[in-house]
Amino acid sequence: MQIALIVLGTLATAFVVMLIVAKAKMKNIPMVADHAKVLTLTDKNFQQLMKNKLVLVDFWASWCAPCRMMAPVLNEVAAELTGNSQVGKVDIQQYQSLADKFKVRSIPTLILLKNGVEINRFVGVKSKEFLIKEIAKVK
């Protein structure tokens, strides 16, 4: 019984240490500049930039480490998209009204919109391959 408690205590301690290290690493994720093809969406330009387009919209915030992890992925997706398909970003700190309109409750939230109408929604960190595949389904 004592051995089981020692093993369990050691595992719990190791888990807590891993969480602390992971959290520290996530806080240090640098901000990445947006690719030239990424649309910066605001409450003023949102409707106009959605017309006749398929847009993957990233709802994000600068303080969100998973959002910072998504930035390079979204840059790669934007670089690969052609035609009327694009990537856009909404800073929820600046444009809370857009986050409210789309009922964004956690970030990062990625919403695929066709002509401004929601087609699909993804919450959390996603891979470039996953996003390209989901966009291709709608094209």
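Student: What makes the link between S4 and S5 a hairpin, and which residue there takes a positive phi?

Tutor: In this predicted model, 2 residues lie between the strands of that hairpin. Asn115 takes the positive phi, near 55 degrees.

Student: How do you know that S4 and strand S5 pair, and in which sense do they run?

Tutor: Pairing needs at least two bridges. S4 and S5 (residues 117-123) are joined by 6 bridges, so they pair. They run antiparallel. Leu112 has Asn120 as its bridge partner in S5. For Ile111, the partner in S5 is Arg121.

Student: What about S2 and S4: how many bridges do they share?

Tutor: S2 and S4 share 6 bridges, again set against a cut-off of at least two, so they count as paired. The sense is antiparallel. Val55 stands opposite Leu113 in S4.

Student: What is the strand order of the sheet?

Tutor: The order is S1-S3-S2-S4-S5. The sheet is open, has 5 strands and shows mixed pairing.

Student: Why are S1 and S5 called edge strands?

Tutor: Strand S1 (39-40) and S5 each pair on one side only.

Student: Why is S4 called largely enclosed?

Tutor: Count its buried residues. 5 of the 6 residues of S4 are buried, so the rest of the structure largely encloses this strand.

Student: Which residues have the most contacts inside the largest nonpolar core?

Tutor: They are Phe46, Val57, Phe59, Val90 and Ile107, in a core of 21 residues. Helix H2 (46-50), strand S2 (54-60), helix H4 (96-101) and strand S4 (109-114) each give two or more residues to this core. S2 gives the most, with 4 residues.

Student: What is Val57 in contact with, leaving aside its neighbours within four places in sequence?

Tutor: Its contacts include Leu41, Phe46, Met50, Gly88 and Val90. Thr109, Leu110, Ile111 and Leu113 are also in contact with Val57.

Student: Which residues of helix H5 are buried?

Tutor: In H5 (residues 128-138), they are Lys128, Leu131, Glu134, Ile135 and Val138.

Student: Why is Cys64 called buried?

Tutor: The cut-off for buried is under 20% relative accessible area. Cys64 has 4%, so Cys64 is buried.

Student: How many disulfides does the structure hold?

Tutor: The count is 0.

Key
Residues are numbered from 1 along each chain as its sequence is written. This is a predicted model: local features need pLDDT of at least 70, side-chain atom pairs count only at pLDDT 80 or more; totals for chains, interfaces and linings use all residues. Side-chain values use heavy atoms; hydrogens and water are left out. A disulfide is a pair of cysteine sulfur atoms within 2.5 Å. Buried means under 20% relative accessible area, exposed over 50%, partly exposed in between (1.4 Å probe, protein chains only). A nonpolar core is a set of buried Ala, Val, Leu, Ile, Met, Phe, Trp, Tyr and Cys residues joined through side-chain atoms within 4.5 Å. Contact means heavy atoms within 4.5 Å.
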